[in-house]
Amino acid sequence: MIIFFLVLKEYIEDHFFKELSQKRLAITNRAEPPFKMAIYIQLLSYLAPLFFSVALKSTKRWAKTEAERKEAANFKLKQELQHLHYQLQPHFFFNSLNNIYALVDISPDQAKSSIHSLSKLMRYMLYETNVESIPLTKEIDFMKKYIDLMKLRVSDKTVVNYSFPSEETGIRIAPLLFISLIENAFKHGVSASKESIIQINMTCHDHTILFSVENDNFPKKTDDKSGSGIGLPNVEKRLELLYPNKSSFKTFVKDNNFVAQLEIETN
């Protein structure tokens, strides 16, 4: 359509305004541009706004597509995190109930106390952790209660020490990130016949959390099917989704001690 109107314009100018154009060129002492050049010049003048319009429309379409892609990615991220969260809860309850079951015959009173403590932990997990972040102090309180619960089932041969920040840090953290490391220590760091030590430490500097768990290494036997082994992989996956490039998690064996170290930047 642009080319058609350009040709029509040139035809009208040549047949109806030719004398006027010649007089104008005579006054300015300029030669009349060739027909093709005139067409090119006019075509460019018409195509420039057309290209701008196309570019604007394409940019809007790209922005909409990108927004939809980010929304879909965000939805997928939330769904995956929710799945990991729901995966952790049965794993936690399964291990805790197994520990309490072992106390029923040995010490019924301790078993009753453990069930009461577990009910408080379950309330926290079910009703207070379905959020993106919680105050670190709440998570610390939860871990302390869990450690005290687990200490009821270990013998005098096992020493459990822990150290957490005692003052308000103002830090908010994704819930239930540390509990799997503590579970792992009680599952693989305790022996019924040998002395063992579990050392749990957390320090905070600015908005960085340093958390470590060290315990004696009593690896499970190959025929031991207790537990599902999802604890540590769950931690790694959640860190990858929640704190990409802002977290460091590693485990290693040193002097027959299993060490788990976790560092998170929360700002």
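A residue is called partly exposed when its relative accessible area lies between the buried class, under 20%, and the exposed class, over 50%. Asp141, with a relative accessible area of 39%, is therefore partly exposed. In this predicted model, the salt bridges come to a count of 2, and a nonpolar surface patch of about 680 Å² is also present.

- Asp141 pairs with Lys145 in a salt bridge whose closest N and O atoms are 3.4 Å apart.
- Because Asp141 and Lys145 stand 4 residues apart in helix H5, about one helical turn separates them.

- Glu128 and Lys138 form a salt bridge, in which the closest N and O atoms lie 3.3 Å apart.
- This pair links distant parts of the chain, 10 residues apart: Glu128 belongs to the loop between helix H4 (108–127) and strand E1 (134–135), whereas Lys138 belongs to helix H5 (residues 136–151).
- Glu128 is partly exposed because its relative accessible area is 32%, and Lys138 is likewise partly exposed, with a relative accessible area of 41%.

**Nonpolar surface patch**

- The patch of about 680 Å² is made by Met1, Phe4, Phe5, Leu8, Tyr11 and Ile12.
- Ile12, one of the patch residues, is found in helix H1, which spans residues 2–16.
- With a relative accessibility of 34%, Ile12 counts as partly exposed, and patch residues need over 30% relative accessible area.

Technical notes:
Residues are numbered from 1 along each chain as its sequence is written. This is a predicted model: local features need pLDDT of at least 70, side-chain atom pairs count only at pLDDT 80 or more; totals for chains, interfaces and linings use all residues. Side-chain values use heavy atoms; hydrogens and water are left out. Patches are made of residues with over 30% relative accessible area and no salt bridge: like charges are joined within 9 Å, nonpolar side chains (Val, Leu, Ile, Met, Phe, Trp, Tyr) within 5 Å. Accessible areas come from the Shrake-Rupley method with a 1.4 Å probe; for residues, only the protein chains shown count as cover. A salt bridge is a side-chain nitrogen of Lys or Arg within 4 Å of a carboxyl oxygen of Asp or Glu. Helices (H or I, at least four residues) and strands (E, at least two) are DSSP runs, numbered from the N terminus. Buried means under 20% relative accessible area, exposed over 50%, partly exposed in between (1.4 Å probe, protein chains only).
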